[in-house]
Structures are given as C-alpha cells and as structure tokens.
Amino acid sequence: MEEGIITAIRVVPLDHYVLLSFLLFSIGAAGVVFRRNTIIILMCIEMMFNSVNLLLAAFSAHHSDPRAQVFVFFIMLVAAAEVTVGLSILVMMKRNVDSVDVNQLNRLKG
Amino acid sequence: MIAALLLLIPFISALVLVIARPAQARPIALVSSLASLAVVLYAWISYTGGTVIHYDLDWVNDWGLRFKVGYDGVGLLMLILTGVVFPFIVATGYGQQHDRPATFNALLLFTQAFLYGVFLAQNALLFYINYELTLIPVFFILLYWGGENRRAITVRFFIYTLLGGLALLFGIVYLLVQNGGNGDFTALASLSIPASTQVWLFWALFLAFAIKLPIFPFHSWQPETYYMAPLQGTMVLGAVLLKMGLYGVYKLVFPIVPAGVEYWQTTVIVLALIGAVYGGVIAFRQSDLKRLVAFSSLSHVGVLCAGLFALNAYGVSGSFYQAFAHAILVLGMFYIVGAMQERMGTSDMSVMGGLKGQAPRLAALFLLVLINAIALPLTQSFVGEWLMFAGLWQVDGWLAFFALTTIVIGAIYMLYAYQRVMLGPDRTNVTLADASTRDHLYLVPLIAVTLILGVYPGPILELLDAPVQQLLSSLSVH
Amino acid sequence: MLALFYLFAAISVISALIVVSARKPVNSVIALVVCFLSIAGHYVLLNAQFLAMVHVIVYTGAIMVLFLFVIMLLNLNKATEPMKSLGMRVAAITGGALLFITLAAAIRQGVHIESANPFDAGVGLVRTVGHVLFTEFLLPFEVSSVLFLSAIVGVVMLAKKEKHQPEAPVEPLTEAERARRTA
Amino acid sequence: MTNDLLAALVPALPLVGAIILASLRRKLSANVAGGLATAMIAGAFVCSILLFQGFDAATGGRTVKLLDWISIGSMEIPLALRIDALSLTMMLIVTGIGSLIHLYSIGYMHDDERAPTFFAQLNLFSFAMLMLVMGSNFLITFIGWEGVGLCSYLLIGFWYKTPEYNYAARKAFVMNRIGDVGMVLAMVLLFQRFGTLEYATIMNVASGVNDPLMIAATLFLFIGATGKSAQLPLFTWLPDAMAGPTPVSALIHAATMVTAGIFLIVRSSVLFELAPFTQDIILWIGTATALLAASIGLFQNDIKKVLAYSTVSQLGYMFVALGLGSYSAAMFHVTTHAFFKALLFLGAGSVIHALGGEQDIRKMGGLKGHIKITFITFFIGTIAISGLPLMSGFFSKDLIMAFAFQRSPVLFALLLIGALMTTFYMFRLLFLVFYGKYRGNAHPHESPLTMTIPLMVLAVLSVVGGLLNLPHLFGGHEAMKHFLATAADGIRFEHLELSHATEWILMGITTMLVCVMIYIAYGRFAQKATLEGNEADMPFFKRLIAQRWRFDELYRALFEKPYGWLSTNLFSIAEQKVMVPIMNGVGEAAISLGNVVRKVQTGNASFHLLAMLVGLIAFLIITLMSN
C-alpha cells in the first residue's frame, strides 16, 4: 500500500488534480449564486475552500514541500472560525427575520 | 531621529488623547505641540545645509512608494512653520467651548502628524498619501464642530479638494509609469518628459494645489469654509494646509514639468493676481469680520502664488518667506476674530464700533496684528512682499503693478475693518472685557515673531537661498 | 492507482453536484460529508496523512456536525426553499460553467512544474508537517489562537439576545432544571 | 565709532521712547509722558548737533551699517544709515522742530487722558521720519516712508470717537499708499537696473547713464512723492488731515512728513537730472498745485484748513524748485517753511487752545489784546510766509522765483500770482483772528509757557532762517547750497545766472505787490465785525473755489462710490451667482453621478455574488488574453 501510494503521486498527473479542484470550485461558485438558502451557500463556500486545499496539497506533494500543507492546515483553522461566526450570523438571522433566505438580506441597497 | 520624533510625537499624543479625560485634553495637546516645536527648532539649529535624508526605507517599492523622509531648506521652513503654528492653534482652544475636546485635539494632532509627513516626504507617493490624509481629520473637525450649514459646506469642500487630489494622483501615477516605478522626487526631477505632455501634465499636478491654495477660479470653497469652520479649523486651513499647496508646487511641479510651468506661467500669475485683487475688493464691503479675513487671505494667497510663479530667486524665496508671515498673520487675525466672537457673541461688524474705548489694549493688539496684514516695513510680510514684487517685476512690469495694487486694496479694507470694529462712537450696549492675560500671552509672541523676523529675516532667508538657487539652476538646464 | 483517483474524483464531483441541487438541507449536508471524505481519500493518495486526518476531524467531524446541529435546532430542514428567478439560475449555471472553462483554458497546455526539491514521498507525514509547523510557522500557529478567541467572542456577542429587545429576559437554566427537562 | 553710535542713537532714542511710553501708557501722567518724549527727541537733537559738528563736509558722507536686513541671492539690502549733508540737514530739522513741538504738546495735551499714547505715537513718528531721512538706501527710506504714514494715520485719527476723523485718517493712509505703489515700482525698477538700492552706489553709477528707463523710474518716484507731499492729484488728504491734534498738524503735516517727497527727489536728484521729461512734469504739477491750493486757501474759514492749503501750496513751490533742478532752493524752502509753518500751526493751536477748541475764524477776531505772545509770533510767521523782505520766507521763495524767471517769465508770473494769493489769505487770516472785535463767546486766555516758548523760538528762527542760505546779493555766500553740494557725488545744483540788477528788480516787484495785497486785505478784513460765509450766495466760480474745486466730490464719485459698488457686486454677483454655483456644480455633479451609480447596489446578495463571479471570469479572461 505504502509503495502504491507513493507511486500514486507520480502516476496521477498534476493536471488531474488541478482540473478536479477547478471543477469543484466552479460547482461551489455556481451553487453560491444558484441557491437562496443561506446555509447551503455557506456549505458551497466550504466546498470552494476544500477545492483550494486540494490544489495546495497536490502542489505540495509534487513540489515535495511540506509548507503548502501547513497552509492548508491554517486554512482549515480559518474555515473553522469562519463557519462558527457564519452560523451564528445565520442563527441571528433566523431569529430576527425568521428566515434563512439570502434575499432577505437587502439592507445594503444603495 | 528628528523625522521619527516629528511624526511620532503628535501621532502618539493623539492616540493618548483618545483615552484622555476632557479636562486633560488641551494640556496634553499643548505639551505635545510644544515638544514637537522644540524638535523642529533643534532641527533648525542643527541644519547645516543641503538635503538631509533621515530615512530611506523600502515600503511598497513596486508601486514606487518608499519611506523616504528628509528635508531641504524649504522643507525645513515648512516644518518650522508647522511646528510654530500648532501650539498657537491648540492654545486657541482655551478660549473656545467645545464638546468632546479630547477628540477635537486628537484630530488637530493627527493633522499635524500628517502635515509633518507632507513636508518630510521625499517620495511623490508618500507625499500624496500624507497630503490626502490631512483632509481626514480636517473633515471631521469641520463636520462636527463647524457652524451653520456645516454639512453641505464640508461636503462641498471635501469633494472639491478631492477632485484636485484625483488629478494629482493621476499625474503621479503617470509619472511613476514613465519613470519605471521610481517615485522619489530626485528621480522624478531627472525624468525628461516631452514638452507637449508637460503642457497637460502641468494641470494634472497643479490642479490640486491650485484648489488647495486657492487661486482664482478655484477659490470659491474657501470663504464659506473659513467662515463656517470652527476657529481652530480655520486656523489650520489658513495657516498651514494651504502652504502644502505652495510646497507641492515647489516640490512636485517646478522640477518635474518645467516646460509646462514655462508654458502656463503667465496664465497662473494672471489668475493668481486676479484672485488677489478680487478677494481684496470683495473684502472691503464684507460686514462679517471672519468672512472679511477669509477674503483677505484669498487676496494674500493670490500674491503668494504669483510670487512663486515668478520663477526667479526673489519671487520664489519671497513667496516662501511670505508663507511663513501669512501663517503668523492668519493666527493673529483669526485670534482677534475669536476674541471678538467671545466678547460680542458674533463676528458681525455691524454691531461693533467704538470698542477701543472699552478695550484699548485689544485695539492696540489688533492694530499691531493689522500692520503685518498691510505689510508695513519692519514687519515680516513686508520682506516677503518686497521680494515678490522684485521677482514679479523681473517677469513683467505690469504684473508687478497689479500685485502692488493689493497694498492699496489691503490698506483700504483692513483699515476700514479696524475702524468699524474699534473706532468711532461706542455703538455697542455691552460691557466689554479688555484684552486678558491669555490674549496677551497669545498675541504678543506672534507680534514679536512678526517684528523680529521683519527686522532680521536673515535666518529664514538663509534657509531659502540655497534650495531656491538649486531649483532655478536645474530649471535653466531643462 | 489512476483508477482510484478517478473513483474519488467521481464521488467528489457527484456529491458536490448533489450539495448544490438537493432540496433538503440535510441531504446537502450528507452529500457534502461524502464529498469531504472523498477529498480525504485524495489526501491519502497524495500521501498527505496529516492533512487527511485533520481534514476528517475538522471538516467532517466538527464543521459538518455544526451544520447539522444548526439545521436541527433551527428546524430548517424543510424543502420549502423558494427557487430563485429563472434568469438567476441560468446565470448561475452559465457562470459556473464559464468559470470552469476559463480556468481550464488557462491550463490547456498542462501544468508543468520543476520541483526545486528532490522527490520526497514523506512530505505529508505528520512528522514532517509537524516539524515545519512548530519551527517555521510557530508564530502564526500561536497567533491563530487569537483568531479563535475573537471568533468565540464574536459568536457570543452575536448569540446574545439584544438588551433593548422588549422580550422577557430568558433566565438561565440551572443544572437540575436542565436535567429534569431532558429526562 | 562714536559717530556711528551717535548716528544709531538718533533714531533709536525716539523709538525707545515710543516703546516705553506705549507699554507704560496707563501708568504715566500726561506731564511725565510728555517730558520723557521731549527728552528723547531732544536727546536725538543733541546727537544730531554733535554729528553735525563732527561732520567733515569734505568727505562727502558716511554709511553706518547696523545689520544685514534683506540679503538673499544677489540682493543685499543692509539696515544702514547714511550721514551726509542732506540727511544731517533733515535730521536737524526733524529733531529740532520736533523737540519744540513735543515741548509744545506737553501744554497742549495736558488735559487729554490719552496723552501718553499721543506722545508715544509722536515719538514713533520721529523715529520713522528719522529712518526716512537717514536711510542709506531706498528701502530704509521706505521703512520711514511707510512708518510716517502709519503714525500719520494714528495721529489724524487720534480722537477716534469721531467718524469723520477716522475717515480722514484712512483717506490719508490710502492716498499715501497709492503713492507708495509708485515708490515700490521705482525701487524694483532701480534694483533691477542697478542691482542695488544704495543711494551712494546708484547715484555714482547712474550719472552719465542715458536710459529711457530713468524716465519711468523718476516718474514712479515722483508718484510716490505726490502722495506723501500732497501734490496734485493726491493732495486732498492733507486738508482733511487737520482732524488730528494741532501739534500733529505742525510736525507731520507741515514741517516734516510732507516734505519727505521733496527729500526723496533731492536724494535721487541724479536720476531726475537724467530725465528732463520728469522734471518738466514735476515743474508743472508743482505750479498747478501751488496755484490751486492757494486759490482754495482764499475762502477757507477754518484756521487750520487755511494753513493746510497754504502748506500744499508751499509744497508746490518746492516741487517747482525741484522741477527747475535747483535742489538747494527746494531744501532751503523746506527748512524755512518748516520754521514758519510750524510756527503758524503752533500759533493756531495756541489760538484754538485759548478759545477752548474753536477753529472757525468767523467766531474769532480781536484776539491780539488777549493773547499777546501768540499774536506777535503768529504775526512774524505771517510776514515770513508772505515773503516780506529779510524774513526767512523772503529769501527762500525769492530764490525759487528767480530760478523760475530764469526758465520762463510766464512761470515767474504764475508763481507771483500764487505768492500774492498766499499773502492775501494769510493776512486775511491774521486780520480776522487778531484784529477787529471778538465775535465768539469764549474767554480767551494765553497759553502756558511750554507752549509759548516753542512759539518764540520758532519766531526767531522764522526771522533769521534766511541767514542759512544768504544769497550773494545780501553779502552771504549761500552756505546751505555749498553744504548740501557735498551730500552725495551726484547732487547737483543749478546755478543762478541772472544779473544782480534783474534780481533786484524781481524782488522789488514782488515786494511791492505783496505790500499792495496786505493793504487790500487790511481794508477788507481788519475791521470786520461779522463775516458772511454763505457759499450759496457766491457766484459760480467763486463758489467752485470755495468748495475746493470739488475735488473731494469728484474723487468720491469717481473712485470711492464705484469701488464700494464693485465690492458689493463682486461679492453678490460674481462670487455668489457665478463662482459658488460653479463649485456647487462640481459637487452636485458628483452627487448625481453617485445617484446613478448607486443603483448598482441592489442590496440583493445573490446579485452581488453573481457580479463577483462575472468579475472574476472577466478578470481571468483578460489575464489570459494578455498572455
């Protein structure tokens, strides 16, 4: 298994990972615009985060440089913090306007 | 060290002020401004000539922004001016009732810090950033402590000034692109730009300064803003902020677009002189003392700008000398305005008259300030005006003549104002306090500076001589 | 090995599509968990063991559970979400597709990198990453605790009921009361 | 060295006096203040005499540099004093007569509560006047030039509660300022031409230069002189300046300040010699002023106004002398005029003092019995100004008239008419004030000794002043002329080339006609009991003259009113209707642009997200394209 995985780094071309993460990112971006439910929008954002993480990890492996993985770790930290805040905003929103419809948030109209 | 102290003293004091109690606000601000005055005076004493660079640090090098600070003689004069002026501006607060004095004084000190930044900057982008930063505290001062109709006037002032700032930014960015991203003044000065480009680039660079000064067609924000602003705000605007325009022209316009300057020289002088005469004539019939002083400032600045654009040794150094004199004058005149407001509750001259009977010492102080305004010899203003007249004469006799009409016009409105306030039968029905110890403590040093530098202008002229010569010789090369 | 990659890739893309298209939020969450697990599989393929573990713990274990709790507590799991306008939906799909095409076009010549380091399969091991994290990135790591602190403060502030709200104050439950209610 | 110190002391003493008095003005009594001020100016007088005694005319003069003043680039303007024959003459006049007038003021101002202020300003004036005459370059002279203007402004408006006085003060200052424009233009022109403003250097370099610029420079200088010395067209301020206390009129508006213009032209005589065109203009303006002012003097009823117009007229004579190039005659007349006009003004002050402030000669009369000393001294002053033989005015005026005859008999005739008018109005004044019956209702009393001593001293000087420059005709050798000739290398003096017989004849004619005028005046005014003064009854021309040729009205209509109109309308129309709306337009344009652009901010989160997406794609595409 060990050997197989090590060869996997060499066998799977970098392009594949890049394309995969692009695809996930695009799906996430489309989802953000597509849905009205704020909680799903938040989830799509998480997905976009992850596509970037994957990209970083792939490059890290192909560069043989552990620092990019450390960055992935940091991104995870930030994502965790972001999710807690985002969800508490969601709770607030639900409490105040009794809805999680993103179209309710239109106070910023100029 | 000097540069760091100058930038940090007001900045840190301002931060301290944010948490200070209201009663402590003015003393802290005063001590801070006096400390920075001491630093400035030390800089003056230890200055031996040439351009002193204190720091030259990388910042955002790719965009041409470097933390390059220092000064030449002219810059030092401007630093001295800022250092001298701010203790007085802060001290003016002792006669004013503000709500939230701590915030107010903090904003004043922020302005001072940014002003030092402007006069210390040796990099065009650094200059620009500080130049625009000064607007922010001033904006809040005007908006929260201003008089009647302050919102509209402040916003107008702000938009108008920013419009100029935008053109300036465009000009600087253009220069940076041309110069491969090196924004140091010295580097920009050696840039050779085709004359046809300079013709329009001149206005991109000059418009901001023309509005800030202001010269004639761009002046209309000034009287209303001066009138509406709180006294100390007016002093900041009139005594130091407009000097940034002068300094900017010296630093950013003359060395960089000499051909453009040559092309527009006469136009600018004529506009400036139109403004000088226009402001002076209007001042005559103003019924409000504060507005009258505002228009008189417009008139003085017109001559100042004309002198600068005479582009010879006498005109340029006279202009900067006069800039100093004008700052002192503005402080004195507006302090008098404040003293009258404090006593009469208004600055409207139609309710004044014959105050000399009740307040002879105040009248005497007013007169002593006033002789500087009409540039009587042995006052500071005379030295500057004489040099500017000599400079303008070398450009054209008629220009000198029109500049000179302002000494008649100035005498007309100033003496008329003095008469309406102080002379004649006592028309007021209030009991008036004569000049207090505070008034003396404030005005006597100003008058002393005026007279001493009027009799012995040497130390300041010395500062100006070398950099102005250098500027002119570099211009003649182009 | 390539087959394994394609498998994981297919799972993650399909589950991602389900996340976007599912009617009920709970379904989305479950799909997202699947998606995240498949990404963990990718990490394993890349021999990024540390990441794989942290990813499962943080994302799948913590974050997604948090989502689930929120949905549950707020009772959001209704498929009554009104759809956006047709134009917006079309725009969203077109936009996502365009984005992908553009990004893909950017690498149409393939990604060729010259690694500065000699090949080392062990970069993703806990030991390697941990070493870098606690030497080179020690300060950011410690500072990140401040981020969490501020996030906690922010959450508390947000979750707190506003004082001036006219509602009756909610009295905190005592331990005994809580035990009685849950029973 | 000691001489340098003395020279510095001359202006310094009155300055110190002014500063002390100004700062202690609330603590000092009128007499102490007056004493101090008098001591200071008398000290300056003593210093001037010492300087005069130690002065060696053969050396030509010295420059005492006090400190660098304006020094930048190639401009070097030191604060320096020049001691030569010309400045010494003026210093002696200023400090000498100044001392007497200070002394007189102690009596005149003793019951004014602001007397210390008055003395401070008087001392300050002396300082400025001394700077004016002692300056070694144009700019130092200009310090004094403006300084005396300021002091004149302060002293004319000394009694500040009366708006007319304030108006008069402002008018004086502004008119002087108009002249100053000319003066500054001359200075910048000369500076550019010669690279310096030092008198000595300019006069040295300039002699022999034939340059059309000199005409411009001298014309500008002359404009400055017309302002300060109240010549056409800038003379109307001087009669109004009589609003000030009488000693001020005597010192500033008769003896010293108003002669500054003459001094300036004598100082720069070399330049004027190079510009004959300017000289002609000076000549004719001087003549016109002399005649015009004298004609106005004929009908004035205010004792000080008569003297004021007389001063303007006499200054006209001095300018005639300058125009003729006879600078020593001008200076001679400056000196004698300082004596007798100071005497007349102080005498008038004594009369006013005696009558408790009355200035209208229609309410005077028969005072010779009440105030004898004043009468005798005033009488001496009158005959001196009228030029009765052997009085000081006789010598100086006849010298000018002789020069005029040498140029043209017509000019002589015009000046003679002026002289006769002078005689007539002066004797009219004398007779109306001192002869006949008293027409007022005050109780005249003689003035105190501090006031009468200066009168007596000045009376003596008015009699013997002619000795200073006694012509050859009377056995003298024109001492003053020769003394002044040493002043600067440049000061030249035209020689009188008339034969002695001609001179005798001219003098005879003049004297005879003057006597006739005195007789006519005596017949008309000496015994008048009442005096009709209704201008409306006069024929048109006479009324025009009595109304001062309506110069004030003309200037008001031509300048003051339009200026006020311009000021009001520039503000209300140009500024408020044009400039401010333009600025507002900029603001409003920004705001309306914002109103359009803000529609983009729908507040719809999905829209913003989509926009972000679109932006991202666009950015990517642009980046890709540019590669």
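The model is predicted: local features need pLDDT of at least 70, side-chain atom pairs count only at pLDDT 80 or more, and totals for chains, interfaces and linings use all residues. Residues are numbered from 1 along each chain as its sequence is written, and chains are lettered from A in the order in which they are written.

**Stop 1: Pro247(D).** Select Pro247(D), in helix α10 (residues 246-255) of chain D. Helices are DSSP runs (H or I, at least four residues), numbered from the N terminus. Pro247(D) is buried because 27 other C-beta atoms lie within 10 Å; the cut-off for buried is 20 or more, with C-beta atoms placed from the backbone. Contact means C-beta atoms, placed from the backbone, within 7 Å.

**Stop 2: chains C and A.** Show both chains. Chain C puts 76 residues into the contact, and chain A 66 residues. On the chain C side, elements giving two or more residues include α1 (2-21) and α6 (138-159).

**Stop 3: chain B.** Colour domain 1 (1-255) and domain 2 (257-478). These bounds come from an automatic or database domain assignment. Their C-alpha centres lie 21 Å apart. Domain 1 of chain B gives 43 residues to the contact, and domain 2 of chain B 45 residues. Finish on α11(B), which gives the most to the domain 1 side: eleven residues.

Definitions and conventions:
Buried ≥ 20, exposed ≤ 12 C-beta atoms within 10 Å, placed from the backbone. Contact = placed C-beta atoms within 7 Å.
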